[in-house]
Amino acid sequence: MANMSLKKNEMPVQEPDVRNKNFKEVALGYTEEQAIDEAKRCLNCKNKPCTTGCPVQIDIPAFIAKVAEGDFAGAYEVIARSSSLPAVCGRVCPQENQCEGKCVRGIKGEPVAIGRLERFVADWHNAQPETAVNKPASNGHKAAVIGSGPSGLACASDLAKKGYDVTVFEALHVAGGVLSYGIPEFRLPKSIVQKEIEGLKALGVKVETNTVVGKTISVDELMKEEGFESVFIGSGAGLPRFMNIPGENLNGVYSANEFLTRINLMKAYKPDSSTPIKAGTKAVIVGGGNVAMDAARCAKRLGADVYIVYRRTETELPARAEEVEHAKEEGIIFKFLTNPVEIKSTEDGWVKSVVCQQMELSEPDASGRAKPVPIEGAFIEIDADCVIMSIGTSPNPLIKSTTSGLDTQKWGGIVADEAGKTSKEGVYAGGDAVTGAATVILAMGAGKKAAAAMDEYMQNK
Ligand SMILES: Cc1cc2nc3c(=O)[nH]c(=O)nc-3n(C[C@H](O)[C@H](O)[C@H](O)COP(=O)(O)OP(=O)(O)OC[C@H]3O[C@@H](n4cnc5c(N)ncnc54)[C@H](O)[C@@H]3O)c2cc1C
C-alpha cells in the first residue's frame with residue numbers, strides 16, 4: 001500500500017554532543033524496513049520529474065519501485081546503469097536542488113528521500129559478497145584521464161566499459177579528488193570512496209598516483225610520446241583564494257583546502273599521524289559554503305570553539321541546508337553580516353584575533369542578489385588562535401601553462417563546449433576545471449558527456 005505520509009522517514013544520526021567529538025559518520029543510514037517504507041511514498045510519476053533533475057539521469061522511479069518491492073539488487077542495477085558513484089552521491093549530492101527539488105510529493109509535504117534511498121541501495125550492494133567483474137573486451141584504443149575526482153572517475157568508468165585502455169593520472173598519493181582530500185570522513189567515509197575506485201580498477205582502469213601532469217609529464221607528451229589518442233582533463237579547482245587583508249600570512253591561518261587535506265588525507269587528527277594540525281582553542285572560519293561548514297565541523301572535532309564569519313545573512317548561505325543544520329546542532333556559532341578586515345598578531349607571530357567590519361544588505365542588484373555593504377565605523381573583534389579562509393577556489397594554472405593550444409577563461413577555467421571539447425584536438429575537459437567550484441554530480445555528468453564525445457572522436461579518427 002502507498003505511504004501517504006507528508007514527511008520523509010527520519011535518517012538515524014549520531015547525537016550532536018557525541019558526534020562533535022569524533023570523526024565517525026554522522027548519518028547512519030536507513031534500515032531495510034525504513035527504506036521500503038520510504039520507497040512506498042513514491043508515486044511513480046510517468047513523466048519522471050525527479051530524473052530530469054538528476055545530472056546523470058538515473059531512472060529514479062524505477063529504482064525506487066524496486067526498493068519498495070524489497071528487490072535491492074534490482075534497484076542497484078537500475079542506478080548502476082547511470083552512476084558509477086551511488087554511495088558517494090547518496091551522501092553528498094544537493095538533492096534539495098536536484099531530484100528531490102522536482103519531486104511531486106514535495107508540493108504538499110516533504111519530497112521522497114531519494115538521496116537516502118540511493119545511499120541505502122549502494123550500501124546494501126557494497127555489503128554483499130564481491131562478484132567477479134566481467135572486464136569489457138579491449139577495443140584497441142588508449143585514453144588518458146587527468147585527475148581522479150568525480151569527473152575523472154566518471155569519464156574513466158564510461159570509457160573502460162566501452163573497452164578503452166584507460167589510465168588515470170593523479171597528482172596526490174591517493175585517488176578520489178575532493179572526495180578523498182576535502183569532504184570529511186564524518187560525511188563521506190573514505191572506505192566508500194576507495195571501494196568505488198577499486199570497482200573502477202576491476203574494470204581495467206589503471207590509476208597512476210603521484211603524477212603531476214605538467215611537471216612529471218605534459219599533456220602534449222601523453223599524446224605524442226605515450227600513445228594516448230584522447231585526453232580528459234578533470235583537474236578540479238583546488239587553488240585557494242585569499243582576502244588579501246593584513247595578517248593573512250600569520251601562523252595559524254590556513255586555507256580551507258590545506259586544513260581539510262591535513263585532516264582527511266593525512267589523518268592529522270589521529271595521534272600517530274606525522275602531519276601536524278592546530279585548530280587552537282578558538283577558530284574563525286571565513287565563508288558560508290559547504291567547504292566552510294566542513295572546515296568548521298572539523299575544527300570543532302579537534303576541540304576548538306568555532307565561529308563562522310559570513311558577510312551576508314543566513315538566507316544567502318550557499319551551503320546545503322542540512323550541513324548548516326548539522327553545524328548548528330554541533331555547537332558552531334554563526335556571525336552573520338560580518339566581514340574580516342584584519343587578523344591581529346601575538347608577539348610571536350601567531351593569530352591573536354580577527355577584526356570584522358559589520359555589514360548590512362543593500363537593495364538587490366540586477367542579478368537579484370543583495371550586496372553586503374559596510375556599516376561605517378561598526379567593527380567587532382573576535383579572539384582566535386586559528387583562522388581558516390574558505391572563500392572559494394579556482395583551477396590551478398599548471399596544466400594550461402604546459403599544454404599547447406589549450407584556451408582558458410580569464411579566471412583560469414578551461415574553455416570547453418557542452419560535450420567537453422576543448423580548443424586542442426583530442427583533448428576534452430569537465431568538472432570544476434571548466435565550471436569553477438561546483439558539485440560532485442555536475443562533475444560526474446561532465447565526465448560522462450566527455451566520455452561519449454571522446455568515444456566518438458576516437459572511433460572516427
Ligand atoms: C570541502 C569540500 C566539500 C564539498 N562538499 C560537497 C558536497 O557536499 N556536495 C557536492 O556535490 N559537492 C561538494 N563539493 C564540491 C565537489 O567536491 C566538487 O565540485 C567535485 O569534487 C569536482 O570534481 P572534479 O572531478 O572536477 O575535481 P576534484 O574533485 O577537485 O578532483 C580533481 C583531481 O585532479 C587532481 N589534479 C589536479 N591537478 C592535477 C595535475 N596537474 N595532474 C594530475 N592530477 C591533478 C587533484 O589532485 C584532484 O585529485 C565540495 C568541495 C569541497 C572542497
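A residue is called buried when its relative accessible area is under 20%, exposed when that area is over 50%, and partly exposed in between, using a 1.4 Å probe and protein chains only. By this definition C93 is buried, since its relative accessible area is 5%. The structure is a predicted model, in which local features need pLDDT of at least 70, side-chain atom pairs count only at pLDDT 80 or more, and totals for chains, interfaces and linings use all residues. Residues are numbered from 1 along each chain as its sequence is written, and side-chain values use heavy atoms, with hydrogens and water left out.

**Surroundings of C93**

- C93 lies in the loop between α6 (86-92) and α7 (114-126); helices (H or I, at least four residues) and strands (E, at least two) are DSSP runs, numbered from the N terminus.
- Leaving aside residues up to four places away in sequence, C93 touches Q98, R320 and I441, where contact means heavy atoms within 4.5 Å.
- C93 and S151 are 58 residues apart along the chain, and their C-alpha atoms are separated by 14 Å.

**The open sheet**

- An open sheet is formed by 5 strands in the order β6-β13-β7-β8-β9, with parallel pairing; two strands pair if DSSP finds at least two bridges between them.
- The edges are β6 (253-255) and β9 (333-335), each with a single partner strand, so one side of each has no neighbour in the sheet.
- Strand β7 (residues 282-286) pairs with strand β8 (residues 305-309) in the parallel sense over 5 bridges.
- The bridge partner of K282 in β8 is D305.
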